[in-house]
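Please look through the sequence and the 3D structure shown here, and then follow the explanation below.

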Amino acid sequence: MNDKSKAFFLRAQAVLPGGVNSPVRAFRAVGGNPLFIEKTNGSRVYDVDGNEYIDYVLSWGPMILGHNNPAVREAVLDAAQRGLSFGAPNEYEVKLAEKMVELTGCEMVRMVNSGTEAVMSALRLARAFTQRNKIIKFEGCYHGHTDSMLVKAGSGAMTFGQPDSPGVPDAVAADTLVAPYNNLEFVEDLFKNNDVACVIIEPVAANMGVVLPEEGYLNGLRKLCDEYGALLIFDEIITGFRLGKGGAQEYFNVKADIVTYGKIIGGGMPVGAYGGRKEIMSYVSPSGPVYQAGTLSGNPIAMAAGFAQLEQLDSDELYTHLGKMGEKLGAGLDNIAKELGMIACVTQVGSLVCQFFGIDSVKDYETARGADTALYAQYFQKMLASGVYLAPSQFEAMFISLAHSETDIDVTLEKAREALVGIRS
Ligand code: KE4
């Protein structure tokens, strides 16, 4: 039953393009109407029709402590007593920046209001620092919607990028080079034929489903950037504080020159950030010539929420636990598909999990897009009907929070088995 969601969606479509404020929420990849969420708590979301779901979207990653975390809520309510926005320096932004510097190894960070803004700013900074224009990105990686990232691989001999959205000028796209994930030779060839400012990568790709870097791949990119004088940008908007306190840099022991953050660092509030060593970050205005600004950057409420969240994440034990939960869920899903004789595969790192249907392995976008999205849509709907809220697209991740219990995982696996048996029959 979701009559109220349907009614809200009708209203929403009259005033919001597609009835949503971000495309994936419209359920177009899985069919049906999106659920309108009324409230959340712990590992649960509750829709406006009173239905309860075990949530594996977690607002696309930020809610790693679980929804409505008491300390984060209290920090927001307390900060709100002092005003919602100052447009001026405040203690909260310094505390969050200090905590990020302590945990990530970045020497300085700049706060912005979204992951997109963090990436846009980081690319401008890399271009200024190297005095070059070309950017290398990877097919299937998503870095927000700044023009130079909405670019797909050129066709045929063209190595320069083509616009991947109307409104992106050819001239902008041409400065973005697109390579397959997990293919170092391709990147080396681009370096040999172009003056590259930077390479930007999701160190674990989580926007084509979850695709892990092959052994030595990230280190190989580090070496190529050093050899050709380019900057390595890790887009850790998903992996930052998800894979561990030090994110992917620590997990894979590869240091990037600039790192972008978002999601978890805001505790559920709109926050992005980019950071790196002082030599690079000192180029950012007003300490340096690279302009970047924002009315609500460092907003005290958002900073208070982010700090309250990161304070609770300063513990390796928590990440060990999250990893065990990820392994339990991933192995469970994989076993079910195998027992049912399905062609499927599961990727998992820490509390990031993805089950692909229709393919038995994945290494890049070419392989990922071979997945059976129609089957995923059926699976999504059956899981939703049984009270499990997955991402409404095969090409996203399942996120686990510290509020998810072993029972939540067991129930999810039971529902997954029922759903897949139902689809198979
Ligand atoms: P935002 O501008 O949405 O805060 O961040 C953009 C972004 C940048 N980099 C990575 C690796 C990201 O995953 C994202 C945003 N992630 C998507 C979901 N995969 C957000 C959900 C949405 O677009 O509605």
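Helix α1, which covers residues 3-15, has 13 residues and reaches 19 Å from its first C-alpha to its last, close to the 18 Å expected at 1.5 Å a residue (the expected span being 1.5 Å times one less than the number of residues, and a helix being a DSSP run of H or I with at least four residues, numbered from the N terminus). This is a predicted model, in which local features need pLDDT of at least 70 and side-chain atom pairs count only at pLDDT 80 or more, while totals for chains, interfaces and linings use all residues. Residues are numbered from 1 along each chain as its sequence is written, and side-chain values use heavy atoms, with hydrogens and water left out.

Within α1, Ser5, Phe9 and Ala12 are buried, that is, under 20% relative accessible area with a 1.4 Å probe and protein chains only. Seen down the axis of α1, the buried residues fall within an arc of 65°, taken from the directions from the axis to the C-beta atoms, so they line one face of the helix. On the other side of α1, Lys4, Leu10, Arg11 and Ala14 are exposed, a word that stands for over 50%.

Turning to the ligand, 16 residues surround it, the closest being Ser22, Thr116, Asn207, Asp235 and Glu396, where a residue counts if one of its heavy atoms lies within 4 Å. A polar side-chain atom of Ser22 lies 2.6 Å from an oxygen atom of the ligand, and a backbone N or O atom of Gly115 lies 2.9 Å from an oxygen atom of the ligand.

Terms used:
Helix = DSSP H or I, 4+ residues; strand = E, 2+ residues; numbered from the N terminus. Polar contact = N/O pair within 3.5 Å; in protein donor to acceptor, adjacent residues only side chain to side chain.
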